[in-house]
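Hi,

Here is the structure I promised to send over. Have a look at it first, and then read on for what turned up in it.

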Amino acid sequence: QAFAGARNNAQAIDFAELAPIGTPAAPVSRGPLPDIPHTELVEFANGVRAILFSRGNEPGRVTVRVRFGGGWRAIGDDEAVYAALGQNALVNSGIGPLGQNELDALAAGRKMSFGLRIDDGAFVFEGITRATDLRDQLYLFAAKLATPRWDVAPFERAKASAALSYATYGSDPNGVLNRDLDWLLRGRDARFVTPDPAMLDQATAQGFQDVWTRLLAQGPLEVAVFGDINRETTITMLSETFGALPPREPLPADQAARRIDFPAANDDPLRLNHAGDPDQAAAVIAWPTGGGSDQVTRGRKLDLLADVFSNRLIDQLRERAGAAYSPFVTSNWPQDIQSGGMMLALVQIEPALMPVFFQEADRIAQDLATNGPTADELARVVEPMRQYIQRAGTGHTFWLNQLEGAAFDMNRVIYLRSLYGDFSNTTPEELRVLAQQYLVSHGGFKIAVLPEAAPMAAEMQAVGR
């Protein structure tokens with residue numbers, strides 16, 4: 001039986017009482033990022049680098065983003081289950097002597113958060129805070145790297161949650177895509193598989209600790225602090241936290257050069273089944289593009305090509321199918337690695353109308369590669385992009401998204417200067433060449449998610465022939 005007075009009798013915890021990360025270390029260098037106002041690049045003797053962006057137009061709001069290690073590059077082929085569990089179990093496992101309950105008590109009355117994601121080339125911690133709680137937010141992230149705690153309970157809860165989620169994936173087209181799409185579009189790379197119950201059963205708390213101990217310790221470390229901050233005070237806080245960490249282990253060369261492969265084009269769409277509504281289906285076609293910060297201008301123009309493609313696909317699908325379907329087309333160009341980029345078109349549609357989607361997508365790709373978009377079509381997608389840049393540029397999150405990674409890759413700074421012009425000055429001919437290079441030359445990888453009992457129509461099997 002719970003003791004009713006336990007909470008009141010518990011000793012209060014304060015960040016000031018926690019052990020220091022290490023010996024504070026002042027920066028060894030600091031200076032502005034070239035031609036980027038409100039910024040400063042700071043480097044510490046242990047190799048940690050920080051980017052500061054100080055502007056008071058969002059009073060009290062601060063974002064901290066910590067990029068470290070190799071991201072998906074650093075995860076082994078047999079470690080997918082621990083990568084998937086990390087996004088729940090790692091954050092909730094605590095730091096040093098403090099478990100999740102103690103951390104919850106510490107955070108009471110403060111504005112702090114702790115998110116984790118895995119990018120192609122880095123792991124990312126992110127927290128939204130305010131100037132008065134900034135030091136505690138920085139301490140929390142630094143302590144997770146310096147003295148991670150390995151409680152078993154969060155790991156077991158993450159396993160149970162993942163097992164419950166897996167049981168629901170096959171119930172509708174969205175669930176099937178959430179389970180399988182990333183894995184399929186990365187050439188069935190074992191790192192990206194969604195762990196099934198058998199994989200989860202075999203995962204152990206010790207295995208989780210071994211994998212994440214390595215991942216937390218290796219690779220470069222960048223701390224970005226953007227928002228309403230005092231720069232000198234923030235540098236002192238960084239000196240006491242991230243500047244006090246031990247030097248990082250290097251990222252192994254084979255991981256740094258690791259690529260992501262894309263599947264070959266297929267004439268017959270790959271069929272996946274769902275157990276839900278027989279009137280529901282989903283269709284995907286994707287084409288490989290590229291990656292790398294040195295070619296980010298190309299990635300931006302591919303964003304415009306995707307928008308043109310999306311507008312055409314919406315118009316044509318509604319015209320032919322006679323219904324208000326809303327397909328979308330998106331482009332992704334990773335900057336941390338030289339591969340893995342793609343353009344993807346997706347729609348949720350009735351099974352009988354799926355052939356129309358594939359036929360229209362192929363026809364649009366061919367026409368864009370032959371004729372390019374019209375001037376009006378291009379203007380229709382460029383102007384919203386201009387407005388977005390002007391509007392979003394008033395907030396610090398926009399600049400953070402553009403500059404993350406710049407502490408170790410100056411291309412992020414160099415190509416930020418051309419951001420507006422890369423969109424504004426794009427020509428129809430440039431998009432025609434990109435469509436020829438990336439869409440027609442590959443042909444597209446197709447996926448059809450259908451109800452279990454639905455036949456694969458002959459006309460759909462023949463799409464692309």
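Let me start with a question: which residue does Asp 77 form a salt bridge with? Bear in mind that this is a predicted model. The partner is Arg 258, and the closest N and O atoms of the two are 2.5 Å apart. Asp 77 sits in the loop between strand E4 (62-68) and helix H2 (80-92), while Arg 258 sits in the loop between helix H10 (253-256) and strand E8 (270-274), so this contact ties together parts that are 181 residues apart in sequence. Asp 77 is partly exposed, at 48% relative accessible area, and Arg 258 is partly exposed too, at 23%.

While you are in that loop between E4 and H2, look at Glu 79, which lies there as well. Buried or exposed, would you say, for Glu 79? With a relative accessibility of 11%, Glu 79 counts as buried. Leaving out residues up to four places away in sequence, Glu 79 touches Ala 74, Val 211 and Arg 214.

More on salt bridges

The count for the model comes to 34 salt bridges.

- Arg 30 and Glu 40 meet through their side chains, at 2.5 Å from N to O. Arg 30 belongs to strand E1 (residues 29-31) and Glu 40 to strand E2 (residues 39-43), so the bridge ties together parts that are 10 residues apart in sequence. Arg 30 is partly exposed at 40% relative accessibility, whereas Glu 40 is buried at 8%.
- Arg 135 and Glu 240 also meet in a salt bridge, at 3.1 Å from N to O. This one links distant parts of the chain, with Arg 135 in helix H4 and Glu 240 in helix H9 (residues 231-240), 105 residues apart. Both ends count as partly exposed, Arg 135 at 31% and Glu 240 at 28%.

There is also a network of linked salt bridges, made up of Arg 65, Arg 67, Arg 117, Asp 119, Glu 126, Glu 222, Asp 336, Glu 404, Asp 409 and Arg 412.

Aromatic rings

A pair of aromatic rings is described by the distance of the centres and the angle of the planes. The model has 19 aromatic pairs. In one of them, Phe 114 and Phe 125 have ring centres 4.9 Å apart and planes at 75 degrees, so the two rings are edge-to-face. Phe 114 is in the loop between helix H3 (100-107) and strand E5 (115-118), and Phe 125 is in strand E6 (residues 123-129), so the pair ties together parts that are 11 residues apart in sequence. Both of these Phe residues are buried.

Trp 150 and Phe 208 make another pair; their ring centres are 6.1 Å apart with planes at 75 degrees, so this one is edge-to-face as well. It links distant parts of the chain, 58 residues apart: Trp 150 is in the loop between helix H4 (134-146) and helix H5 (152-168), and Phe 208 is in helix H8 (residues 205-217). Phe 208 is buried, with a relative accessible area of 3%.

Phe 114, Phe 125, Trp 150 and Phe 208 are among the members of one aromatic cluster, which also includes Phe 68, Tyr 82 and Trp 212. Elsewhere, Arg 186 lies over the face of Phe 192, at 4.8 Å from the ring centre.

The E5-E6 hairpin

E5 and E6 form a hairpin with 4 residues between them. The two strands run antiparallel and are joined by 4 bridges. Which residue in E6 is the bridge partner of Leu 116? It is Phe 125. On E5, Leu 116 and Ile 118 make up the covered face, and Gly 115 and Arg 117 the uncovered one.

The cores

Phe 125 comes up again here. The largest nonpolar core has 63 residues, and Phe 125, Trp 212, Val 223 and Phe 242 touch the most other members. H4 gives the most to this core, with 8 residues. A second, separate core has 58 residues, including Leu 304, Ala 365, Ala 407 and Leu 450.

Residues up to four places away in sequence aside, its contacts include Val 64, Val 66, Phe 68, Leu 90, Phe 114, Leu 116, Phe 141 and Leu 216.

Cheers

Note on methods: Residues are numbered from 1 along each chain as its sequence is written. This is a predicted model: local features need pLDDT of at least 70, side-chain atom pairs count only at pLDDT 80 or more; totals for chains, interfaces and linings use all residues. Side-chain values use heavy atoms; hydrogens and water are left out. Rings of Phe, Tyr and Trp (its six-membered ring) pair if their centres lie within 6.5 Å; planes under 30 degrees apart count as stacked, over 60 as edge-to-face and the rest as tilted. Buried means under 20% relative accessible area, exposed over 50%, partly exposed in between (1.4 Å probe, protein chains only). A charge sits over a ring if NZ of Lys or CZ of Arg is within 6 Å of the ring centre and within 35 degrees of the ring normal. Two strands pair if DSSP finds at least two bridges between them. A salt bridge is a side-chain nitrogen of Lys or Arg within 4 Å of a carboxyl oxygen of Asp or Glu. A nonpolar core is a set of buried Ala, Val, Leu, Ile, Met, Phe, Trp, Tyr and Cys residues joined through side-chain atoms within 4.5 Å. Contact means heavy atoms within 4.5 Å.
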